[in-house]
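I opened this model to look up two things. The ligand site comes first, then the interface.

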Amino acid sequence: MNVLDITGVTKVYNPDTVPVHALRGVDLEVSAGEFTAIVGPSGSGKTTLLNLIGGLDRPTAGQIRINGIDLATLSANKLIDFRRDHIGFVFQSYNLIPVLTARENAEFVMLLQKRPRAEREARVTQLLREVGLEDRMDYRPTQLSGGQQQRVAVVRALAPRPRFILADEPTANLDSVSTANLLDIMARLNREEGVTFLFSTHDQRVIDRARRVVRLEDGQIVSDEVFDR
Amino acid sequence: MLLKIAWRNIWRSPVRSWVVIVAIALGVWAVIFLMGFSTGMANSYVDSAIRLEVGHLQVHHPEYLTDREVQFVLPQADSVANLIAAGPGVQAVSVRTLVGGMLSSARGSHGLRVRGVDPAEEAALSQLDRKLVEGAYLPEGRRNALYLGKKLADRLGVRLRSRVVLTFQDLEGNITSAAFRVAGLFDVENNGFEEGTALARREDLNRVLGRPGAAHEIAVMLEDAALADTVATRLRNRLPGLDVQTYMQLSPEIRLFESQISASVYIIMAIVMLGLVFGIVNTMLMAVLERVRELGMLMAIGMNRPRVFGMIVLETLLLGLVGAPLGMALGAGMIRWYGRHGLDLSAYAGEGLSEFGMSAVIFPDVYPGMYVELAAAVLITAVLGSLYPAWKAVRLRPVEALRKL
Ligand SMILES: Nc1ncnc2c1ncn2[C@@H]1O[C@H](COP(=O)(O)OP(=O)(O)OP(=O)(O)O)[C@@H](O)[C@H]1O
Ligand SMILES: [Mg+2]
């Protein structure tokens, strides 16, 4: 079964004033365990698409189903809980809560889910170790590099074992070494944990690491290729 | 966790948070101080009125209070007084003959009431002997001695040993007069009393009235004002045919005064809290607007609206929880210090306070329940002040919040 089914999704911003057709009929299926990049020029609709998939915004038309659940059937409040329980988010920046340490940030979603303390600690310690932050667990975000912060964000997204992780340009603010490092980590976790990754990027080095590349142009999918790597 | 985040969040802008905390502390302190001050003032007024004028209870001939005619004397006043004095809770009893009339000197005349008393009894009740400034308090063996307020003496241009004439209506309704000699002068911080009341020995006054043993009033001081109603009820049962009244019945203005003071304190409290609400709204709104992206991120990753709302309310409450105790400690310390040493207003108020029967030295006092009320008021204020900012926060849409740079 697909973790994600998108059929005929369109998104029009400002329909009443200056309509912007950000997505024009997108159909997409993503199955469990994928490591997929959404690519395309600036303004092609990558962020819009990821926001719709993540339930942060509603499509103008079309249907988005996650694990068979139509997001349109969920109320705004239900949607927040749905995100908490089923989707991991990694943003381009401002991912972390500045007043919490790396470990506390990483635990945050599990905490919102009221998971027991022992489970949280075990899971987060293990993941932070896997991403090479065992000696940074008690640092605040401002004491971490951009790459380290993104790694914490990935751990936070991954810790509650969501259906998939949405990452909108997670490497946009990183240098090439940190970028390569973050992708190594994401690829490894994708393999080891079997979690589905869906990320957007314009960075060719990132595109080269994806096993499936969906290309958007002007709000439409223009190519969809699978690579064996 | 929410508590931890909220607590750390308020220290992200320490200066801003301290400004609010200090504002809350000052507001609390000001309310405590004002309240203590007003209570001290009320106490001073009430104590003075009770001591000097009414006592806790008074017993009269049933018709006396209606028109204060001199013929309405108490039957067997002295044995009634002994009976009252023997009762529980009674501290002092004074039997008084009351004569209203005109006091004249060579310079002028002034209306007044002369209280004929047993000097020792009266001293135990009203402590007027302690207010002596010149001469002696109703000295033994001197006939028709008068204990006069200093203000009235000045008005009449009389001094110690001056001769004054009291003109009054006797028991038969005839206008008569009698000569008295000023034996002592007193000074109380109550102008009305000082200019309108003089003390004489009861036997002197009764002699000029032509009725030895007469008395119009038995004033009773209790160990505790709170006993007034109980003791009054008991006396009414024991003394049918006599009029027994408590100070509240005799001087309803005492209670009015107390209630007005506390009403005005609540109004001040409301005004202070209103000011704080605006300060808090302003600060918390800033705190929310500064964190739009972060709040958007929190809601995106699954922090639901009640939690976001709760976080902002909690941050505000914490500011109040730091500020209020500070203000309370400050206020309580101040009340304590001045409660013991007195706050001397004579330099500012001068004679003004004694016009109203209040001392120029105020001993501030607050009732303990006040701190609880104030704490509740601050918490309510904090919550009220946080509602709008918190509402703003939960109304953010994550997509838009995250797009803001
Ligand atoms: N809230 C909005 N209101 C109006 N127009 C919007 C809004 N968000 C996005 N758009 C427009 O929709 C189109 C798609 O934007 P989107 O952000 O999805 O592109 P993107 O592929 O993520 O671009 P980039 O690579 O620059 O991040 C753009 O033309 C953009 O200007
Ligand atoms: Mg984008």
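**Entry 1: ligand site.** I note at the start that this is a predicted model. I looked for ligand 1 and found it between chains A and B. I then listed the residues around ligand 1 and got 15. The closest are Ser42(A), Gly43(A), Lys46(A), Thr47(A) and Thr48(A).

Next I checked individual atom distances. Thr48(A) places a polar side-chain atom 2.5 Å from an oxygen atom of ligand 1. For Ser44(A) I looked at the backbone: an N or O atom there lies 3.3 Å from a ligand oxygen. Glu169(A) has a side-chain N or O atom 3.4 Å from an oxygen atom of ligand 1. How much of ligand 1 does the protein cover? I get 71% of the 630 Å² of accessible area that the ligand has on its own.

**Entry 2: interface area.** I moved on to the chain pair. Interface size is often quoted as the accessible area lost when the parts come together.

On the chain A side, 28 residues touch chain B, and 22 residues of chain B are in contact with them.

Entry 3: I ran the salt-bridge rule across the interface and it returned three. One I wrote down is Arg397(B) with Asp57(A), whose closest N and O atoms are 3.2 Å apart.

The largest share, six residues, comes from α2(A). I sorted that side of chain A by class: 15 nonpolar, five polar and eight charged residues.

**Entry 4: salt bridges overall.** I widened the search to all chains and the total came to 32 salt bridges. I picked out Arg103(A) and Glu107(A), whose side chains meet in a salt bridge at 3.9 Å, N to O. How are these two placed along the helix? They sit four residues apart in α3 of chain A, so about one helical turn separates Arg103(A) from Glu107(A).

Notes. Residues numbered from 1 in each chain as written. Chains lettered and ligands numbered in written order. Predicted model: local features only at pLDDT ≥ 70, side-chain atom pairs only at ≥ 80, totals over all residues. Heavy atoms only, no water. Contact = heavy atoms within 4.5 Å. Salt bridge = Lys/Arg side-chain N within 4 Å of Asp/Glu carboxyl O. Nonpolar A, V, L, I, M, F, W, Y, C, P; charged D, E, K, R; others polar. Near = heavy atom within 4 Å. Polar contact = N/O pair within 3.5 Å; in protein donor to acceptor, adjacent residues only side chain to side chain. Areas by Shrake-Rupley, 256 points an atom, 1.4 Å probe, with all protein chains shown as cover.
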